[in-house]
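Take a look at the sequence and the model first.

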Amino acid sequence: MNLEQAVLHKLRALPPERQQEVLDFAEFLQQKNMPKRPLKSVKGLCADLKVDITEEDIAQARQEMWGNFPREDI
């Protein structure tokens, strides 16, 4: 008896709810072994939007957001 046959033999001996657990676990293991896709950079995600954000824009947004933050609590 090979490994696949042994697994099937054991699987068939289980009740249906336990068989579902085995299937769920097998799917989890399959997902775990799939190669991970590289993450896209934010620049790449926004490239087609034709938005040009400068360092000055970011600095201004930070100042507007955190400008009134109480410094004595830091």
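**Exercise 1.** Does Trp-66 count as buried, partly exposed or exposed?

*Solution.* Before we start: this is a predicted model, where local features need pLDDT of at least 70, side-chain atom pairs count only at pLDDT 80 or more, and totals for chains, interfaces and linings use all residues. Residues are numbered from 1 along each chain as its sequence is written, and side-chain values use heavy atoms, with hydrogens and water left out.

Step 1: recall the cut-offs, with a 1.4 Å probe and protein chains only: buried is under 20% relative accessible area, exposed is over 50%, and partly exposed is in between. Step 2: Trp-66 has 44% relative accessibility, so it counts as partly exposed.

**Exercise 2.** Which kind of aromatic pair do Trp-66 and Phe-69 form?

*Solution.* Step 1: rings of Phe, Tyr and Trp (its six-membered ring) pair if their centres lie within 6.5 Å; planes under 30 degrees apart are stacked, over 60 edge-to-face, the rest tilted. Step 2: this rule gives two aromatic pairs. Step 3: in the pair of Trp-66 and Phe-69, the centres are 5.4 Å apart and the planes make 75°, which is edge-to-face. Phe-69, at 38% relative accessibility, is partly exposed.
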